[in-house]
Amino acid sequence: MSARPPRKAPRVLVVDDDPGLAEVIDLLLTREGYAAERAGTVREALARIAATEPDLVITDLKLPDGTGLDVISRLHAERPELPVIMITSYSSLESAIGALRAGAVDYLIKPFDNDEFLHAVDRALNERRIKRENAILKRSLKAAYGQWPLVAESPAMRRVLELVRKAGPADAHVLITGESGTGKERLALTLHNASPRAEGPFVPVDCGAMPREQIEQELFGREGLLPQADGGTLFFDEVSELTAALQAKLLHALEEKVVRRSHPIDVRVIAATHRDLPAAVERGQFRKDLYYRLNVISIQLPPLRERGHDALLLARQFAEHYSRRLGKRVSGFDAEFSAFIENHPWPGNVRELENMIERAVILAEGETLTGRDLAEVAPALPMVRAAAPLPGGGRPLAIEEYIREVIERFQDSHSETELARMLGIGRKALWMRRRAWGLKRTRRGM
């Protein structure tokens, strides 16, 4: 792994139309090792913030084309992570309250003591650093929480783990494909933990869930996810959802190992999608060069229905975890519950299985989950059983038939969210199926 780049001096933008005071502040900051820049108007300040992405803004209240409150309000709405300190010679309570309500982190009255000023700057930057570190820690904990070793007794999953064994220690980018809910993020975390980057951050980003108007700043900003993943792994879930412009920016960042020229990065990317990326490349919906850049190592994650006995092993793993978490003593399953686990087609894959076991543990009254518990956690049980191999060679329901029957039976008695959870699929996937099949509710307001 390449050496980490030296940490750059924090950037501070001083917004004041008084050249004398701006120069004094500039000198104070420079002597303390900060990189200071200046702006004299609200318009110039906003342009410099967009261009240079400072770590702190210090603004006067009175400006030629507005007030410091205009700067604070704009930044609080668009860049809430960027701290702002207000300075003014107007020591009125109203202006102080207005600045703090608008989003300022501190307020200084001119003339101020130099030590007091520098302490306010240091405090604002430290608070920002702590918030950023906490955000990274929360992302890593969210990714790691509830993550267990991959269950791999089936031949299909043993092949996956063999690829992990070979690819984990390498630094090449990885593309994981497979149906929704198969555990792609868990596999990415396993690869990260098997790599020399294991002590670095693991930063997941769901490209499908992040609003498109925010994703560029979230990814490529000076405090964005790419810089946060420096020295570690960035996991792009549903990478196929990136726009063409963002695909180009990501490709440039990976090839040049830099974000916005001024920020070198050292990141391993693990990307995942449930879509057919080669087909998207052929249709011109995904960049061919980015596809080849990401697809250095390819891992196909099999659906749960092709993993045989793994489903029951996973269910026991989930039951043990949620029992500990909820303070219960669920220790196993009876024959009917086990048969259900092994025969259900699991259209929502591992995610559906985990959700069901969590519900079962929450509702369990004894130490063993039984067939009676299935009535509470799997209300579509008659159809579930129909999806299992039938005695006498009867035809089981195909997965899409099963999903349609569940929707037809329960769409008027369950909300969209409940239906999606029952099936282990997303609400968008549910909506698209109902639309394709022309299934409409007879009851409204759910």
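Reader: Which residues of helix 14 meet which residues of helix 15?

Author: This is a predicted model: local features need pLDDT of at least 70, side-chain atom pairs count only at pLDDT 80 or more, and totals for chains, interfaces and linings use all residues. Residues are numbered from 1 along each chain as its sequence is written, and side-chain values use heavy atoms, with hydrogens and water left out. Now the contact (heavy atoms within 4.5 Å). F337, F340 and I341 in helix 14 meet L353, M356, I357 and A360 in helix 15.

Reader: Which residues of helix 8 are buried?

Author: Buried means under 20% relative accessible area (1.4 Å probe, protein chains only). In helix 8, residues 212-220, I215, L219 and F220 qualify.

Reader: How do you know that the buried residues of helix 8 line one face?

Author: Take the directions from the helix axis to the C-beta atoms. For the buried residues of helix 8 they fall within an arc of 85°, so one face is lined.

Reader: What makes strand 9 and strand 14 edge strands?

Author: Two strands pair if DSSP finds at least two bridges between them. The open sheet has the order 9-10-13-8-14, with parallel pairing. Strand 9 and strand 14 each pair on one side only.

Reader: How many bridges join strand 8 to strand 13?

Author: Four bridges join them, and the two strands run parallel. L175 stands opposite A271 in strand 13.

Terms used:
Buried < 20%, exposed > 50% of the residue type's maximum accessible area, 1.4 Å probe, protein only.
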